[in-house]
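Please read them with the structure open.

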Amino acid sequence: MSRPGNKNLLIIIAVLLLTNIGVLAYFLWYKNPSDKQEQHDNRNSNGIADQLQKEVGFTPEQIAQYKQMKDKQRETIRPMYDEMRKAKDSLFRLLKDSIIYDSVTSKAADQIAERQKMLDMQTFTYFRKVRTICTPEQLPKYDSLIQGMFSRMNRPQRRSDSDSTKTDKKN
């Protein structure tokens, strides 16, 4: 009678052993997420400069000018993003209140909208300034590159199948 129990025990041990081997293999061969983030950051930091050079035909002098403009833009826009984050935080902190007046949420949303407008205007101005370093022959290519970049950014994010099934199950 102890034979079927031993067989079940051996099956459980085998499954656990295979699971442990799988987990070990995952951690040995899977790249560290922080390494992937660094690669992503490096690619993005030179990504537009590389595209300007390859697709638009920027010279090394133009790339140097662009990098100066980019650094100045980052200094200008970082505090604007911080203010935007604070404005959004203040709106969503209202969720914990039991009574929320429409005027308060509307005012918080208006502050977010104003900050977003300032960010968008600053970004627009920045890309107009970058456009001034283009030669007349480069302008159509630059315009096309920027339009393509913004159209990709404004596409709605697609949910993965697992996200949609989670949502569907709740409804």
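How many helices and how many strands are there in the protein chain?

1. Basis. This is a predicted model, in which local features need pLDDT of at least 70 and side-chain atom pairs count only at pLDDT 80 or more, while totals for chains, interfaces and linings use all residues. Residues are numbered from 1 along each chain as its sequence is written, and side-chain values use heavy atoms, with hydrogens and water left out.

2. Overall make-up. The protein chain has six helices and zero strands, in the order α-α-α-α-α-α from the N terminus. Helices here are DSSP runs of H or I with at least four residues, strands are runs of E with at least two, and numbering starts at the N terminus.

3. Burial and surface. Of the 171 residues in the protein chain, 18% are buried. Buried means under 20% relative accessible area, exposed means over 50%, and partly exposed lies in between (1.4 Å probe, protein chains only). The chain exposes about 14000 Å², and carbon and sulfur atoms supply 56% of that area. Areas come from the Shrake-Rupley method with a 1.4 Å probe; for residues, only the protein chains shown count as cover.

4. Contacts. Among contacts with a separation of 6 or more, 64% join residues 24 or more positions apart. A contact means heavy atoms within 4.5 Å.

5. Helix α3. This helix covers residues 60–93, and its end C-alpha atoms are 48 Å apart, which agrees with the 50 Å that 34 residues should span at 1.5 Å a residue. The expected span is 1.5 Å times one less than the number of residues. Where is the kink in α3? A kink of about 30 degrees lies at Ile77, shortly before the proline Pro79. The bend is the angle between axes fitted to the seven residues ending at a position and the seven starting there. Ile77 is also one of the buried residues of α3, which include Tyr66, Met80, Met84 and Leu91.

6. Helix α4. Residues 102–131 form this helix, whose 30 residues reach 43 Å from first C-alpha to last, close to the 44 Å expected. Its buried residues include Ile112, Leu119, Tyr126 and Phe127. The cover over the buried residues of α4 includes α3 and α5 (139–153).

7. Salt bridges. The count comes to four salt bridges, each being a side-chain nitrogen of Lys or Arg within 4 Å of a carboxyl oxygen of Asp or Glu. Asp82 pairs with Arg85, with the closest N and O atoms 3.5 Å apart. These two are about one helical turn apart because they lie three residues apart in helix α3. Asp82 is partly exposed at 32% relative accessibility, as is Arg85 at 44%.

8. A linked group. Which residues are linked with Glu83 in a network of salt bridges? Lys86 and Arg115 are the partners. Lys86 comes to 3.8 Å from Glu83 by the closest N and O atoms, and both lie in helix α3, three residues apart. For Arg115 and Glu83 the closest N and O atoms are 3.6 Å apart. Arg115 lies in helix α4 and Glu83 in helix α3, so this pair ties together parts that are 32 residues apart in sequence. Arg115 is partly exposed, with a relative accessible area of 24%.
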